[in-house]
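Please read it alongside the sequence and coordinates.

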Amino acid sequence: MDYEIGNDIEKVLIDAPAIKVRLAELGKQIAADYTGKELLMVGILRGAAVFYADLARLIPLPLHMNFMAVSSYGQGSESSGAVRIYYDLNEDIKGRDVLIVEDIVDTGLTLKYLSETLSARKPASLKTCCLLDKPARRKVDFTPDYIGFTVPDEFIIGYGIDYAEMYRNLPYIGVLKRTVYEK
Amino acid sequence: MLSDLAKIFITEEALQKRIKELAGQINRDYKGGELVMICVLRGAIMFYADLLRNIDMKVVTAYIAVSSYAGTESSGAIRLQYDLDEDIRGKDVLIVEDIIDSGGTIKYLLNSLMLRKPNSVKTCCLLDKPARRKTDYTPDYTGFVIEDEFVVGYGLDYNEKYRNLNVVGVLKKEIYA
């Protein structure tokens, strides 16, 4: 598809077929780890929505699907670390197996905060699954249990991930042109 | 999970083909514009993700969660669990829903969003079950018009199961009867 907004892209980092291949592997791994269990997959809005929908259908288990919406304060390329929960889980997770599905872990602050928040509700188990890991930006010690791709410290958008609410609908993961976010 | 289905109603290929057609229509209708696409949680998530990646314009994604009050299925009373994070005043808005049966939820949402004075609001629905309609309503974009059967999969659940199936299927009677 010939995206007009594709003009803002420096390069395609991970194309749609490569995403699909990796998600199938992740789906298999998660299905093997949770066989016989009723997994509750919690998608973190808005960034993880596309990843979440694609991953869920590759896990051949009776999944429970639910969502939380969180946002770092401030907009743009630097996340401050403080997280606000706009929409909390509307069900009890006590005694359940929970998997948090997030788009990207950079500083680690958001996922650490979410993990601690949900752990306090006493689930049977709590793991995290991240499409992208950007270890170069880590500020706190945090390693997701499942990682799609480890990426360099570049300005990444697409496949659910935005810059100023744009580019989420790109079907691939790309790097944004510097001129777009520095103007 | 597939073994709980009496039959596959809409295959993965048919779903994806139809979604591409819908996206093409939406791309033409809003050409050059900017669209706020609202996903109605949780049922529409699969449809929404697949539709979104085929939309070729500036899109702001947004989510809304609704639920019917327990035991009042037919009364049409809807509770907004999670409201939009942003102002839609002056914007072109597209509500993306999984299924329209009685029409109560979509009509409620439409009325509620219209009060916020958007430039336009349209609705896009994967499945339309007109046999169940209790109020006069036709979505602007419809994926498939279906008979009054118990459908699950591709976001639609029965007791919170089957949402992650990549097809729309009809559930076996012994599962829910």
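1. Helix 2 of chain A passes helix 2 of chain B in a left-handed crossing, a term used when the near helix is turned anticlockwise from the far one by less than a right angle, the opposite, clockwise, being right-handed. The two helices pack at an angle of about 115 degrees, with their axes 9 Å apart. Axes here are lines fitted to C-alpha atoms, for helices over the stretch in contact, and angles run from 0 to 180 degrees between N-to-C directions. Helices (H or I, at least four residues) and strands (E, at least two) are DSSP runs numbered from the N terminus.

2. This is a predicted model, in which local features need pLDDT of at least 70 and side-chain atom pairs count only at pLDDT 80 or more, while totals for chains, interfaces and linings use all residues. Residues are numbered from 1 along each chain as its sequence is written, and chains are lettered from A and ligands numbered from 1 in the order in which they are written.

3. Which residues meet at the helix crossing? From helix 2 of chain A come A:A49, A:V50, A:A53 and A:D54, and from helix 2 of chain B come B:I45, B:M46, B:A49 and B:L52. Contact means that the C-beta atoms of two residues, placed from the backbone, lie within 7 Å. By class, this helix contact has 7 nonpolar, no polar and 1 charged residues. Ala, Val, Leu, Ile, Met, Phe, Trp, Tyr, Cys and Pro count as nonpolar, Asp, Glu, Lys and Arg as charged, and the others, Gly among them, as polar.

4. Helix 2 of chain A (residues 49-56) has 8 of its 8 residues buried, so it is largely enclosed by the rest of the structure. Buried means that 20 or more other C-beta atoms lie within 10 Å of the residue's own; 12 or fewer is exposed, in between is partly exposed, and C-beta atoms are placed from the backbone. Among the buried residues of this helix are A:F51, A:Y52 and A:D54.

5. The contact between the chains takes 28 residues from chain A and 24 residues from chain B. On the chain B side, helix 2 (45-52), strand 3 (58-68) and strand 4 (78-82) each supply at least two residues. Strand 3 of chain B gives the most, with 6 residues. The chain B side divides into 12 nonpolar, 4 polar and 8 charged residues.

6. A:L63 lies in the loop between helix 2 and strand 3 (64-72) of chain A. Is A:L63 buried or exposed? With 26 C-beta neighbours inside 10 Å, A:L63 counts as buried. Leaving aside residues up to four places away in sequence, A:L63 touches A:L39, A:M41 and A:A56, and also B:R163 and B:N164. A:L63 and A:I30 are 33 residues apart in sequence and 11 Å apart in space, C-alpha to C-alpha.

7. Chain A has an open sheet of 6 strands in the order 4-3-2-5-6-7, with mixed pairing. Strand 4 (83-87) and strand 7 (146-150) of chain A stand at the edges with a single partner strand each, so one side of each has no neighbour in the sheet. The twist averages 25 degrees from one strand to the next. Helix 1 (residues 16-33) of chain A packs on the sheet, touching strand 6 and strand 7 of chain A, and its direction makes about 160 degrees with that of strand 7.

8. Within that sheet, strand 5 (residues 97-105) and strand 6 (residues 125-133) of chain A pair in the parallel sense over 8 bridges; strands pair if DSSP finds at least two bridges between them. A:I104 stands opposite A:L132 in strand 6 of chain A. Strand 9 (residues 173-176) of chain A pairs in the antiparallel sense with strand 1 (residues 9-14) of chain A over 4 bridges. Here A:V12 has A:G174 as its bridge partner. Strand 8 (residues 156-157) of chain A also pairs with strand 9 in the antiparallel sense, over 2 bridges.

9. Chain B has 4 helices and 9 strands, and 40% of its 177 residues count as buried. In strand 2 (residues 34-41) of chain B, 7 of the 8 residues are buried, so this strand is largely enclosed by the rest of the structure. Strand 2 and strand 3 of chain B pair in the parallel sense over 8 bridges, and B:L41 stands opposite B:A65 in strand 3.
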